[in-house]
Amino acid sequence: MTEPIDSKYDETPLPDQEIVDEDGDGAADPSEDNGKDLSHLVPDTEVVWAVPPSFNIDPTDLTKGGDGPPSEEITEPSGDLRVDLGALRTAEQSMLTEARGAVDKYEEVRALVAAVKDTVFGQGAKDAYERRGDNSNSMAYDPLQGKSVANPFAKTGETFAAEMNPAMERALLEVGATIEKLGEYIALLNHSGQVYAEADRKSRFPAPPPGA
C-alpha cells in the first residue's frame, strides 16, 4: 500500500474552525444559534418577470431616495455610442432563464428543509416496545405492551438538530440572498437598456429658434 501523497494545495479553501470550549469539558460549546428557529430569515424567492419591461419605457430615476453620496453631474458631451440592445435583451432573457431554474431548485430545497427539519435527524424517534427477559413473570401484565418508547438515539438527534437546523436556515438565507442579488442585477440590465433607448430617442437636433 502506498503512502498518501502530500499536495501543496490545501484540501479545502475554508479555514479550520476554532473549537470554543469555555466550560472545559473537552467538547465544543454550543453556537450562538443553538436551538433557535431562524426560519423567519429564510426568504421566499420568485421571478416576477414573465416578459422583461420594454426598453421603450422611460427609465426610473435611480438617484432619488438613496442613502449614498449624490451622483456626479456630467456636463461634457459624450462621444459616439453604439449599443446593441438586441444583444442586451438576449443576455437578459438568458439570465432570467437561469434565475428561474435557480429559484425552482432553491424553493424545492427550502420546502424540504421546512418539512423534515423537526424529524430528519432522529428527533423524537420512537421504537415499538419489546419485553425483555424470559422468566416466570414474563406472562404478567406489562403496561408498556403495545406502546412505543423513545429510541436511544433520539436525544443525540435532538442535540445535533439544535446545531444543524439553524445552520441549514442560515445557508438558505445566503443562497436566497444571492438569488435576490441576481434579480437586482437583471433589473439593472433592463434599466440600462431603457436609459440607452431614451438617450437614442433624445439624440436629435433641436427645433430651430423662432425667426431663424
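Q: What does Glu92 form with Arg89, and how far apart are the closest N and O atoms?
A: Glu92 and Arg89 form a salt bridge, with the closest N and O atoms 2.8 Å apart. A salt bridge here is a side-chain nitrogen of Lys or Arg within 4 Å of a carboxyl oxygen of Asp or Glu.

Q: What should I know about the model and the numbering?
A: This is a predicted model, in which local features need pLDDT of at least 70 and side-chain atom pairs count only at pLDDT 80 or more, while totals for chains, interfaces and linings use all residues. Residues are numbered from 1 along each chain as its sequence is written, and side-chain values use heavy atoms, with hydrogens and water left out.

Q: Back to that pair. How many residues apart are Glu92 and Arg89 in helix H1?
A: They are 3 residues apart in helix H1, so about one helical turn separates them. Helices (H or I, at least four residues) and strands (E, at least two) are DSSP runs, numbered from the N terminus.

Q: Buried or exposed, Glu92 and Arg89?
A: Glu92 and Arg89 are both buried. Buried means under 20% relative accessible area, exposed over 50%, and partly exposed in between, with a 1.4 Å probe and protein chains only.

Q: Which ring does Arg89 lie over?
A: Arg89 lies over the face of Phe55, 3.9 Å from the ring centre. The criterion is NZ of Lys or CZ of Arg within 6 Å of the ring centre and within 35 degrees of the ring normal.

Q: How many salt bridges does the structure hold?
A: The structure holds 9 salt bridges. One of them joins Arg110 and Glu107 at 2.7 Å, N to O, and both residues lie in helix H1, 3 residues apart, about one turn of the helix. Arg110 is partly exposed at 24% relative accessible area, whereas Glu107 counts as buried at 18%. Salt bridges with shared partners also join Asp37, Lys117 and Glu169 into one network.

Q: What does Glu107 touch, leaving out residues up to four places away in sequence?
A: Glu107 touches Pro43, Asp44 and Thr45. Contact means heavy atoms within 4.5 Å.

Q: Which parts does the salt bridge of Arg201 and Asp58 tie together?
A: The two side chains meet at 2.8 Å, N to O. Arg201 lies in helix H2 and Asp58 in the segment before H1, so the pair ties together parts 143 residues apart in sequence. Arg201 is partly exposed, at 30% relative accessibility.

Q: Aromatics next. How many aromatic pairs?
A: The structure holds 1 aromatic pair. Phe121 and Phe160 are edge-to-face, 5.0 Å centre to centre, with 80° between the planes. Rings of Phe, Tyr and Trp (its six-membered ring) pair if their centres lie within 6.5 Å; planes under 30 degrees apart count as stacked, over 60 as edge-to-face and the rest as tilted.

Q: Where do Phe121 and Phe160 lie?
A: Phe121 lies in the loop between H1 and strand S1 (126-128) and Phe160 in helix H2 (residues 154-202), so the pair ties together parts 39 residues apart in sequence. Phe121 is partly exposed at 25% relative accessible area, and Phe160 is partly exposed at 42%.

Q: And the chain as a whole: what pattern does it follow?
A: The protein chain reads α-β-β-α along the sequence, with 2 helices and 2 strands. Buried residues make up 19% of its 212 residues. Among contacts between residues at least 6 apart in sequence, 82% join residues at least 24 apart.
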